[in-house]
Amino acid sequence: MSSSYLPFLFFLIFLSVASAIKLPLSPLSHHTDQSPNNGPYLSLRRLADSSIARAQQLKQPSSIKPDENALTAPSASAAVVKSPLSAKSYGGYSVSLSFGTPSQTIPFVFDTGSSLVWFPCTSRYLCTGCGFSGLDPGRIPRFIPKNSTSSRVIGCQNPKCQLLFGPNVKCSGCDPSTRNCTVGCPPYILQYGLGSTAGILLSEKLDFPDLTVPDFVVGCSILSTRQPAGIAGFGRGPESLPVQMKLRRFSHCLVSRRFDDTDVSTDLDLDTGSGHNSGSKTTGLSYTPFRNNPNVSNAAFLEYYYLNLRRIYVGSKRVKIPYKFLAPGTDGNGGTIVDSGSTFTFMDRPVFELVAEEFAAQMSSYSREKDLEKITGLGPCFNISGKGSVTVPELIFEFKGGAKMELPLSNYFTLVGSVDNVCLTVVSDNTVSSTGGRSGPAIILGSFQQQNYHVEYDLENDRFGFAKKKCIQ
């Protein structure tokens, strides 16, 4: 995450206590080009490329270390707050949030790998490279600040400015000795894999049916590249939605991607905690503690949800992953994070090769489709035509405490092009060195592998819970 002073953004912008909340959540995936030559291959290639680009950004982020002060507690009081989580056409999962007075409802990409909540803002919002299939860039939903009586530009000396820029934010043109400086908080620029966005910070009212969160810090983005919707940051940074709302936990069940082209959605549950006992566990979930990255020189690493992945199994065979990839070292590199903004799970090349080689060894009776691997960016791929039955080994992630994520076959293998070919839906980049050049998390658990799991981020008890669940009955 990086920032820069962009004065022209100011001109553009002026032109123009609940215990739980349930929000609908739906998947965002690429519409498939139905041409017989490249439709399914092109769709998978885009998803693979975007997953790799996302991983590269998460592994080598640039960010400003934020300050954890000046948070506003939610007001009012109610039971459970839910919102639909649903799929769209360009990857990830979408949740709708309402801001302003009167409320304006905007769709956001649900993202546990970043922290700022921002929406496309003003009637002049411009998004380049947003010509995705099924999407008109000119009709992207926008928030209009001039139509909200509660919308305020955050000043540079406002403590809330420090949530994104840290305590040493520079207020250009502002006398540090005065308390009445009218200079606004600096504009931001954020990078998200293949896309980016730029804007300024607002203080706004976040509305739910039975809960109001006043003075919520939200980004008003004016310019973006490849960002056809806003981002709802659910990371661990102080500007994130869970921290600003003081959530004790949030949970979801990601609907299977076979519903990509429908309006099927599931609920994102936001829990402020008044309805449960501290330390209580959700029935049926297996838990593993979150871990901290020991390196604090890059604040972005502090925003990620690190898991204690101990072992990876392919079938009954344990893949011997070197420990330096399983746990972050003093340099901050290595370890596993969970990220809803990544589609396919990413593994550093040395880890990926060990896993892929084990699948190839156990599936040696099927011929490899290496040309298909080059086209799709996935692999290994196998030709299963003419086989009466197909045997595929399980993929199992075992975490600290013994919790095992035994993935359903549909979560890690997909049919490609026809019923004749299947590919492993795990990706890697072209870094082949197992020693030098490593950076950031080595494994990123993506949303494709979390389908049809009830997943809980227990922030109060600093742990991650999960269990298989059919998200749509």
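Reply: Start with S94, which is found in strand β4 (residues 93–99). Strands here are DSSP runs of E, at least two residues long; helices are runs of H or I, at least four long; both are numbered from the N terminus. S94 is buried, at a relative accessible area of 4%. Buried means under 20% relative accessible area, exposed means over 50%, and partly exposed lies in between (1.4 Å probe, protein chains only). A polar atom of the S94 side chain lies 3.5 Å from the backbone oxygen of F108. A polar contact is a pair of N or O atoms within 3.5 Å; within protein, one must be able to donate a hydrogen and the other to accept it, and residues adjacent in sequence count only if both atoms are side-chain atoms.

A word on the source. This is a predicted model, where local features need pLDDT of at least 70 and side-chain atom pairs count only at pLDDT 80 or more, while totals for chains, interfaces and linings use all residues. Residues are numbered from 1 along each chain as its sequence is written, and side-chain values use heavy atoms, with hydrogens and water left out.

Now to β29 (453–458). Of its 6 residues, 6 are buried. Both faces are covered: Y453, V455 and Y457 lie on one side, H454, E456 and D458 on the other. Strand β13 (residues 249–253) joins β29 through 5 bridges, and the two run antiparallel. Pairing requires that DSSP finds at least two bridges between the strands. F250 has Y457 of β29 as its bridge partner. Strand β30 (residues 463–468) also runs antiparallel to β29, joined by 6 bridges. There, E456 is partnered by G465 of β30. The hairpin of β29 and β30 has 4 residues between the strands, and D462 takes a positive phi near 55 degrees.

Rings come next. One aromatic cluster is formed by F110, F234, F250, F290, Y305, F399, Y453, Y457, F464 and F466. The structure holds 25 aromatic pairs. One of them is F344 with F448, edge-to-face, at 5.2 Å centre to centre and 70 degrees between the planes. This pair links distant parts of the chain, 104 residues apart: F344 is in the loop between β19 (336–338) and β20 (345–347), and F448 is in the loop between β28 (443–445) and β29. F344 and F448 are both buried. Rings of Phe, Tyr and Trp (its six-membered ring) pair if their centres lie within 6.5 Å; planes under 30 degrees apart count as stacked, over 60 as edge-to-face, and the rest as tilted.

Two charges also sit over rings. The charged end of R463 is over the ring of Y287, 4.4 Å from its centre. The charged end of K404 is over the ring of Y313, 5.7 Å from its centre. The test is NZ of Lys or CZ of Arg within 6 Å of the ring centre and within 35 degrees of the ring normal.

Then the cores. The largest nonpolar core has 76 residues, of which F208, M245 and L270 touch the most other members. Strand β11 (residues 211–225) gives the largest share, 6 residues. Domain 1 (90–170 + 182–246) and domain 2 (281–468) both contribute, so this core lies between them. Another core lies apart from it, with 22 residues, including W118, Y125, C185 and L201. A nonpolar core is a set of buried Ala, Val, Leu, Ile, Met, Phe, Trp, Tyr and Cys residues joined through side-chain atoms within 4.5 Å. The domain bounds come from an automatic or database domain assignment.

Next, an open sheet of 4 strands. Its order is β21-β22-β26-β25, with antiparallel pairing. β21 (367–368) and β25 (413–415) stand at the edges with a single partner strand each, so one side of each has no neighbour in the sheet. β21 pairs with β22 (residues 381–383) over 2 bridges. R368 has F382 of β22 as its bridge partner.

I312, in strand β17 (residues 309–314), has a relative accessible area of 0%. N333, in the loop between α5 (323–326) and β19, is buried at 11%. Its side chain reaches the backbone nitrogen of G440 at 2.7 Å. Y412, in the loop between β24 (404–406) and β25, is buried at 2%. Y412 and Q449 are 37 residues apart in sequence and 6.3 Å apart in space, C-alpha to C-alpha.
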